[in-house]
Amino acid sequence: MSPAVARRTALAAQGFADPRPSGPPTRRHLQRVLSRVQLIQLDSVNVAVRAHYAPLFSRLGAYAPELLDNAAWAHQAKRPRLLAEYWAHEASLVPVADWPLLRWRMRQFETKQGRYWQAAHRSPALVAEVLAAVKELGPVGAGTLERALGGESERVRGGWWNRSDVKIICEWLFAIGELTTGTRRGFERQYDLPERVFPAEVLAAPEVSEADAARELVRRAAVAHGVATEPDLRDYYRLRPNSSRQAVAELVEEGLLEPVTVPGWRHQAYRHVDARTPRRVTGRALLCPFDPLIWERDRTERLFDFHYRIEIYVPEPKRVHGYYVFPFLLDEELVARVDLKADRAAGVLRVPGAFAEPGADQARTVVELAAELRLMADWLGLDSVAVGKRGDLAASLRKLCR
């Protein structure tokens, strides 16, 4: 399989070969994207837009954020929620039906003797009090629980979160599956009991062993990748190496994965048997740093010859491209990158820097990029796009965005 074929296969698997809806995106369009990407990563950074909203914009264009909010956090009698929060690829939204596939990870958290486990086992009475309070008050935030339980507990020192015991125990109960996210207010998790959030058949589903769950999760990762190495597949759900390797071997034996060679790839690659490879991929998209197409940086470099690192934690004088940089996908290539910030007070989408990739058609790139930036600004409810001075695309992009 040539690198170009591998790239088109990966783009199709992630939904970039699907046309954007001609009208307002619906729940059906959301489900189509979920069938491609399998999960959506959560992240608290809100410089341009929170990470979980961006992948849908990249694939669907402008959509109502309530479409995702309702699927993940709303109680609707006629429309059961589609998504649940749990640790998959970091903190993630996964289909509710996948909850049983992650119970083995919950069992691991029950026995993993980290500081959350220690806090819970140091204060078993407080664990019981938290569960009782959530049952009475939920969905409820940790701050409200602290006040309900008589003030903040003794603080745990040494960690950058500096969380109270109540907050730590909430997170531990979330990790072991005794609590889940009932809803969110702003970005604050509101804890609730799983039986009040998930359908009874999901909670009653039989326990899945780690080996069986790993095989199914690797299969889903293969659907999302189209073609990938075993480390790529392992990373998607952050599986253990031995579990992932065994799962890949079994899926190859079953005929669901086909070993292929991609020139320039250091590891053996595997193609999902149902992966499609379009003759060409057309379209454009701004990709947030946590988009599943690019979150594995080594794979991004292999697919697109695109070296990408997020620079949030790099001191400003040492940043190369900016604080929160979105790669720009045009057809089958990553052709540029832009530093983005939503200035909500001023109603402006700010672009401090815009940089073309080597060999990119700058004339076409800047036209398509300007159009996508205007679309993003409209989607975010911002009045205009303001381009700064950094980068070789900045001057021409600024003229188009005035």
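Guide: Before we start, one cut-off: buried means under 20% relative accessible area, exposed means over 50%, and partly exposed is in between. Also, this is a predicted model.

Visitor: OK. With that cut-off, is D331 buried or exposed?

Guide: D331 has a relative accessible area of 18%, which is under 20%, so it counts as buried.

Visitor: Where does D331 sit?

Guide: In the loop between strand 10 (325-330) and strand 11. Its backbone deserves a look too: D331 isn't a glycine, yet its phi is positive, about 55°.

Visitor: Where's the cis peptide bond around P139?

Guide: It runs from G138 to P139, with omega near 0°. P139 is in the loop between helix 7 (124-137) and helix 8 (142-148).

Visitor: Let's do helices. Which residues of helix 2 are buried?

Guide: Helix 2 covers residues 27-37, and R27, H29, L30, V33, L34 and V37 are the buried ones. Look down the helix axis and they fall within an arc of 155°, so they line one face of helix 2.

Visitor: What covers those buried residues?

Guide: The cover includes strand 1 (40-41), strand 2 (83-88), helix 3 (54-60) and helix 4 (66-73), plus helix 11 (210-225) and helix 12 (230-236).

Visitor: Which residues are buried in helix 16?

Guide: A394, L397 and C401, in a helix that spans 394-401. Down the axis of helix 16 their arc is 70°, so these residues also line one face. They pack against helix 15, strand 12 (348-356) and strand 13 (384-390).

Visitor: How many residues of helix 9 are buried?

Guide: Ten of its eleven, so helix 9 (165-175) is mostly covered. Charged residues turn up in that buried set, D165 and E171 among them, along with W172 and F174.

Visitor: Which residues touch the most other members in the largest nonpolar core?

Guide: V130, F326, V351, L373 and L397, out of 112 residues in that core. L397 is also one of the buried residues of helix 16.

Visitor: What does V130 touch?

Guide: Leaving out residues up to four places away in sequence, V130 touches L145, L149, V166, I169, C170, L173 and L179. Several of those, including V166, I169, C170 and L173, are buried residues of helix 9.

Visitor: What other core lies apart from the largest one?

Guide: A core of 21 residues, among them F16, V262, A269 and F306.

Visitor: Switching to H225: buried or exposed?

Guide: Buried, at 6% relative accessibility. H225 belongs to helix 11. Setting aside neighbours within four places in sequence, H225 contacts T9, A10, A13, D232, L233, Y236 and R299.

Visitor: And N70, where is that?

Guide: N70 is in helix 4. It's partly exposed, at 31% relative accessible area. L82 is twelve residues away along the chain, and the C-alpha atoms of N70 and L82 are 8.5 Å apart.

Technical notes:
Residues numbered from 1 in each chain as written. Predicted model: local features only at pLDDT ≥ 70, side-chain atom pairs only at ≥ 80, totals over all residues. Heavy atoms only, no water. Buried < 20%, exposed > 50% of the residue type's maximum accessible area, 1.4 Å probe, protein only. Helix = DSSP H or I, 4+ residues; strand = E, 2+ residues; numbered from the N terminus. Arc of directions from axis to C-beta. Contact = heavy atoms within 4.5 Å. Core = buried A, V, L, I, M, F, W, Y, C linked by side-chain atoms within 4.5 Å.
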